[in-house]
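The sequence and the model come first, and the entries follow.

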Amino acid sequence: MGEPLQRKDQPEADLEAGRCPGTGLMQEPRAPFGCQVCRARRWSLVCSSGELSEQRRLLERFALRRWLMPSSATSEDRWLFTQSHLASIVACLECGLLYRNPRPRPEAMMRAYQTERYDGAYLEAAFTAQRYWFRPKAALLLNHLAARATGAFRILEIGSFVGGFLAEGRALGWDMLGLDTGRMPADFCRRQGLPIVQGTVEDAGLSPNSFDAITIWNRFDQLSDPQTLLRSVVPLLRRRGLLVIRIPNAACFEWAMTLRAKLSKRWRRPLDAALAWNNLLTFPYLYGYSPVLLTGLVESFGLALRACHPDTSPFVPAGHLKWWARLEERVVKGCCRTARAVSWQPAGEDFHHAPWLDVYFERERNDA
């Protein structure tokens, strides 16, 4: 990972106090935390709260210029993230985990996810977009599964939201089950006839060794306690079962912040556009994992790395962007794909040109 912009060796308690302006967490007090992976409390500063505030203003202008006014709700979704409160982004000096500090307490974040409200039209549009986006991912997962087992596969998705992956899995004949803590997304999935449990893995009462794959597509970076989740889900996998985790690439964001600090305001614009189109500007996630860190964390639970697929964020659904913005998005993401192809690295490296990563792990034994 790149060199940090500034180093701080004291505990995080001296980070600025305040309250969160983000949706669902506006009135929640924030508290300083240490590293959730290794428990260390020494860190280096990657992006200050002032820099994040500047990026947030840039992101709002970026979205308002490019989205069509009838789709303003979807443009707001691009900057009004749950993890949008005022904070700094720091990197643990022991393991390299990126995290927001200070932040709301875990119980406050859980309440926010459970009670988030969405417009019905937005949920419908998100479902259509999710199905399109998940189709190639489901096909890729099928290729990985077919090399390990035969028959009808049983798949668990953690963080299903509106159920696009559940629908695509059922279209392939899989036995699907989704989990989501949000009441409105769970109700929406039920109206689509999709199998969903509102709650956590512990709430679902699932049997050990009962799933061929467990997917966490866009939720692992928001978990306040990832190790607790791994302790719960790994026993649910059958031997040679797959755990698939999709993450925003912390190595990409940290590399971009190091580069951004060296550029003039004019030359930052292409970099900021690439970050914005890939939902990395302001890094609105609770934690940021590099491939190396994620691999070390998951392998400590008895799984082995099998594949790491570089990716970009999904394309904005049709009809939501101005024509020139739609072209810009395709050009920018095409450049990201070209950059990662040119700088291809073996699995286990940081893939710092890839904004997103889909990482596949295999359970080799049933006694982990």
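**Entry 1: α4 against α5.** I looked up the axes of helix α4 (residues 120-146) and helix α5 (residues 164-171), which come within 7 Å and cross at roughly 50°. I note the conventions: axes are lines fitted to C-alpha atoms, for helices over the stretch in contact, and angles run from 0 to 180 degrees between N-to-C directions. Helices (H or I, at least four residues) and strands (E, at least two) are DSSP runs, numbered from the N terminus. I recorded the contact (heavy atoms within 4.5 Å) as formed by Phe127, Gln130, Arg131, Phe134, Arg135, Ala138 and Leu141 of α4 with Gly164, Phe165, Ala167, Glu168 and Ala171 of α5. By class, I find 7 nonpolar, 2 polar and 3 charged residues there. Ala, Val, Leu, Ile, Met, Phe, Trp, Tyr, Cys and Pro count as nonpolar, Asp, Glu, Lys and Arg as charged, and the others, Gly among them, as polar.

**Source note.** The model is predicted: local features need pLDDT of at least 70, side-chain atom pairs count only at pLDDT 80 or more, and totals for chains, interfaces and linings use all residues. Residues are numbered from 1 along each chain as its sequence is written, and side-chain values use heavy atoms, with hydrogens and water left out.

**Entry 2: α1 against α9.** I find helix α1 (residues 49-66) and helix α9 (residues 250-262) packed at an angle of about 95°, with axes 14 Å apart. The two are therefore roughly perpendicular. Glu54, Gln55 and Leu58 of α1 meet Phe253, Met257 and Arg260 of α9. I sorted these contact residues into 3 nonpolar, 1 polar and 2 charged.

**Entry 3: the open sheet.** I traced an open sheet of 7 strands in the order β9-β8-β7-β10-β11-β14-β13, with mixed pairing; two strands pair if DSSP finds at least two bridges between them. Its edge strands are β9 (196-198) and β13, each pairing on one side only. The twist averages 15° from one strand to the next. Strands β7 (residues 154-158) and β10 (residues 211-216) run parallel and are joined by 3 bridges. Leucine 156 has isoleucine 214 of β10 as its bridge partner. I also see α5 packing on this sheet, where α5 touches β7, β8 (175-180), β9 and β10, and the direction of α5 makes about 175° with that of β8.

**Entry 4: strand β4.** Is β4 buried or exposed? All 5 of the 5 residues of β4 (residues 88-92) are buried, so the strand is largely enclosed by the rest of the structure. Buried means under 20% relative accessible area, exposed over 50%, and partly exposed in between (1.4 Å probe, protein chains only). I checked both faces: Ser88, Val90 and Cys92 lie on one side, Ile89 and Ala91 on the other. Strand β3 (residues 43-47) pairs with β4 in the antiparallel sense over 4 bridges, and tryptophan 43 has cysteine 92 as its bridge partner. β4 and β5 form a hairpin with 5 residues between them, and glycine 96 in the turn has a positive phi of about 95°.

**Entry 5: threonine 295.** I located threonine 295 in helix α11 (residues 291-299). Threonine 295 counts as buried because its relative accessibility is 9%. Threonine 295 touches Leu305 and Phe361, not counting residues up to four places away in sequence. Threonine 295 and phenylalanine 361 are 66 residues apart in sequence and 8.4 Å apart in space, C-alpha to C-alpha.

Methods. Parallel < 35°, antiparallel > 145°, perpendicular 65-115°, else oblique.
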